[in-house]
Amino acid sequence: MNVITVSQLNSYIKSVLEQDVNLNLIYIVGEVSNFVHYYKSGHMYFTLKDDKSQLKAVMFSSNAEKVKFKIENGLRVICRGRVSAYEKDGQYQLYVDSIQPDGIGELSLAYEQLKQRLFEEGLFDDEHKKALPRFPRRIGVATSNMGAAVEDIKNITKRRYPLAEIVIAPTIVQGDLAPNDIVKSIKLLDSIDDIDVIIVGRGGGSIEDLWAFNTEIVARAVYECKKPIISAVGHETDYTICDFVADVRAETPSAAAEKAVPDINVIMSFVNSSRERMLSLINYKLQDEMQRLDNLQNKGPLSNFSEYIENYKDILDGYTNDMLSILSDRLKDNSFKLSGLADKLNSLSPLAVLSRGYSVVSMNDRIINSTKSVKVNDVVDVTLSDGRIICTVKEVD
């Protein structure tokens, strides 16, 4: 009896499976269930099943990081990989190196999934859209500095509105490095104070060529930009996630330049038209005022100015006489009142008392009203109605 260990059996089964060329590269379709993504390691584990059977599957991080769409339970997929056994538990499983949705392209599914998620977050809402400036001074452009797109933007801007200055941030717009470089250019242009509007985009291409503008990091950079952004990616029929998030979507880079700046010919036409209307209104106003002046000269007071003045002179003379009469009456009345007040004041005056033969005796500027206030030989001041007498006291009785 040839006895072997469990490990030997599992190792043998694994070698048998791996030596079978039919199992080394297979494509298998099934519905995803029990999906688990360990973000720390990056590995993905799931089960593929149909209506009768199921198969364990694993996708290691080196391959999992290349998947552009979100794998979910219930999603029908086509997996490419090899069948082998995991010796530790003796379970055979599918080792997946690539996966794609069944019936729809991988990029198309990733596009729809991200579009739906950002829509639900509100990144496409109109309330977040910023208005474009009417007369931009500086325009930031995030695109490749070599290609038709940037030349179209420069030529159209120069033709339509030569007053604007273009600041180009050379940007990688295709390939694995493109998303991070687009984000970097957006942030750089947004940090320049006197840039008024930003154009982000590139020329046409396949969905793979335009894919950088369908990534989440680019969408969030556009949403978080403080300056208004025009998205101009691909041709008229191309719609990217960047288009939905941007403040304005342009069909092409050329259309973006037209949306970013006004047409100076239209502005000049408006200015000239406004000037003509203003001159016409001024002339009309002058003619109207001249007509009014002629009417005044011919029919109004100016037609017989002397008579007009004499009429108002008579009225003024009447006002003058009335005013003088009122003033004279007022002066007489006030004169009588003043005389009465003067008489009352004079009757209270000490001088009036003195004029009747009385006098005021004082010493050291104090009135003497008692014999007790003086003594013999004091010098006193006697005030009469017409002067003063300095006296020496000889006797106090």
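Which residue in strand 7 does G140 stand opposite? I looked it up first: G140 faces V167.

**Basis**

I am working from a predicted model, in which local features need pLDDT of at least 70, side-chain atom pairs count only at pLDDT 80 or more, and totals for chains, interfaces and linings use all residues. Residues are numbered from 1 along each chain as its sequence is written, and side-chain values use heavy atoms, with hydrogens and water left out.

**Parallel sheet**

I took helices (H or I, at least four residues) and strands (E, at least two) as DSSP runs, numbered from the N terminus. I counted two strands as paired if DSSP finds at least two bridges between them. On that basis, five strands make up an open sheet with parallel pairing, in the order 7-6-8-9-10. Its edges are strand 7 (165–170) and strand 10 (248–249), each pairing on one side only. I noted six bridges between strand 6 (residues 138–143) and strand 7, in the parallel sense.

I then checked what packs on this sheet. Helix 5 (residues 148–160) does, and it touches strand 6, strand 7 and strand 8 (197–202); contact here means heavy atoms within 4.5 Å. The direction of helix 5 makes about 170° with that of strand 7. The axes are lines fitted to C-alpha atoms, for helices over the stretch in contact, and angles run from 0 to 180 degrees between N-to-C directions.

I found strand 2 (residues 44–49) and strand 3 (residues 54–59) paired in the antiparallel sense over six bridges. A hairpin of four residues joins strand 2 to strand 3. In strand 3, K56 is the bridge partner of T47. Strand 3 also pairs with strand 5 (residues 91–101), here in the parallel sense and over two bridges. In that pairing I see V58 opposite Y95.

**Salt bridges**

Side chains of opposite charge can pair when their charged atoms come close. My criterion was a side-chain nitrogen of Lys or Arg within 4 Å of a carboxyl oxygen of Asp or Glu. The count by this rule is 20 salt bridges.

I looked at R76 and D102, whose closest N and O atoms are 2.8 Å apart. This pair links distant parts of the chain, with R76 in strand 4 (residues 76–86) and D102 in the loop between strand 5 and helix 4 (106–121), 26 residues apart. For exposure I used relative accessible area: buried is under 20%, exposed is over 50%, and partly exposed is in between (1.4 Å probe, protein chains only). D102 is partly exposed at 32%, and R76 is partly exposed at 44%.

R80 and D97 also meet in a salt bridge, at 2.9 Å from N to O. R80 is in strand 4 and D97 in strand 5, so this pair ties together parts 17 residues apart in sequence. I read 30% relative accessible area for R80, which is partly exposed, and 28% for D97, also partly exposed.

I checked R275 and E276 next: their closest N and O atoms are 3.5 Å apart in a salt bridge. R275 is partly exposed at 47%, and E276 is partly exposed at 47%. I also noted that salt bridges with shared partners join R117, E121, E216 and R220 into one network.

**Single residues**

Is D190 buried or exposed? D190 has 17% relative accessibility, so it counts as buried. D190 lies in helix 6 (residues 178–191). Leaving out residues up to four places away in sequence, I find D190 touching I198, C225, K226 and K227.

I listed two residues other than glycine with positive phi. For N364 phi is near 55°; N364 lies in the loop between strand 11 (360–363) and strand 12 (366–367) and is exposed, at 69%. For N377 phi is near 75°; N377 is in the loop between strand 12 and strand 13 (379–384) and is exposed, at 56%.

I placed E208 in the loop between strand 8 and helix 7 (216–224), partly exposed at 49%. The C-alpha atoms of E208 and I282 are separated by 63 Å, with the two residues 74 residues apart along the chain.
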